[in-house]
Amino acid sequence: FPVTITILSEIEAQPLPPAASAIRPNPEADQAKQILEGPAVTSASLSDIPIKDGKIIDTAKDWMEKNPQSDAQTVIGPVRISTNDVVGSMEHTRYPNKLAVVPKLREILEKGAYLGDAVDWSRENTIDHYFGAPVDIDGQRQIFFARVLNNPVSANRFHIHEIFTEQEIKE
C-alpha cells in the first residue's frame, strides 16, 4: 500500500501554546521519509509475549523485569527503555501491537526515522522528540510512533505513542 508520509520539515509551523516556542523539524527529512516508506526495520509477532490473563500492562511489566533493555543509541543520544516507561506506554492504549514490539524497541529506535522535536507545552523545560518506523507484526505492515521526553528530571524518557496500520493512517 503506498502511503504518503509527511515529515515535520514539510509541515508549515502552526502556532503553539504560549509555553511552547517552535517546532524544530528534522534536518534529515528526506532520509526519514525514505525510512518510513521503505521496508520494515524489524518484525514482531503477537505471540512473542503471550498476554497473561488478558492483562497487557501486567504482562509488559513482567516481561521488562525479566528482560531489561539497554539504552537505544539514537541521533538524540541514548534513549532509556525502562520498565516504568514501557508500562506507562501501555496505560493510555492497551492493545496487543504495543506489547508485540516491546522486545524490539531498541532496534526500532536505532533503525527508525527521527521525525523532529517540539517544546512540550504541558511540561515545563521539556522537549519532545519523535520517532517513526515501519514494522512488520505478524505479516502486516504497521507504522510505529514514539515520543521521547527530555527534561532535567527525565533525560530521554521513552514512550510508545501509537502503532497504526497503513490503512488506519490513510483513514
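**Overall layout**

I counted six helices and eight strands in the protein; helices are DSSP runs of H or I with at least four residues, strands are runs of E with at least two, and both are numbered from the N terminus. This is a predicted model, in which local features need pLDDT of at least 70, side-chain atom pairs count only at pLDDT 80 or more, and totals for chains, interfaces and linings use all residues. Residues are numbered from 1 along each chain as its sequence is written, and side-chain values use heavy atoms, with hydrogens and water left out.

I read the order of elements from the N terminus as β-α-β-α-β-β-α-α-α-β-β-β-β-α. Of the 171 residues, 45% count as buried (under 20% relative accessible area; exposed is over 50%, partly exposed in between; 1.4 Å probe, protein chains only). I also looked up contacts (heavy atoms within 4.5 Å): among those with a separation of 6 or more, 59% come from residues 24 or more positions apart.

**Helix pair α2 and α3**

I took the axes of α2 (residues 56–66) and α3 (residues 83–92), which come within 9 Å and cross at roughly 165 degrees. Axes are lines fitted to C-alpha atoms, for helices over the stretch in contact, and angles run from 0 to 180 degrees between N-to-C directions. The two helices are therefore roughly antiparallel (angles over 145 degrees). On α2 the contact is made by I56, I57, A60, K61, M64 and E65, and on α3 by T83, V86, V87, M90 and E91. I sorted these by class and got seven nonpolar, one polar and three charged residues (Ala, Val, Leu, Ile, Met, Phe, Trp, Tyr, Cys and Pro are nonpolar, Asp, Glu, Lys and Arg charged, the others, Gly among them, polar).

**Strand β5**

How many residues of β5 are buried? I found seven of the seven in residues 113–119, so the strand is largely enclosed by the rest of the structure. β5 pairs with β6 (residues 127–137) in the antiparallel sense over six bridges; pairing requires that DSSP finds at least two bridges between two strands. V119 stands opposite I127 in β6.

**Positive phi**

I noted D53, which is not a glycine but has a positive phi of about 55 degrees. D53 sits in the loop between β2 (42–44) and α2 and is exposed at 74% relative accessibility.

I noted D138 as well, not a glycine either, with a positive phi of about 50 degrees. D138 is in the loop between β6 and β7 (140–150) and is partly exposed, at 46% relative accessible area.

Notes
Angles under 35 degrees count as roughly parallel, over 145 as roughly antiparallel, 65 to 115 as roughly perpendicular and the rest as oblique.
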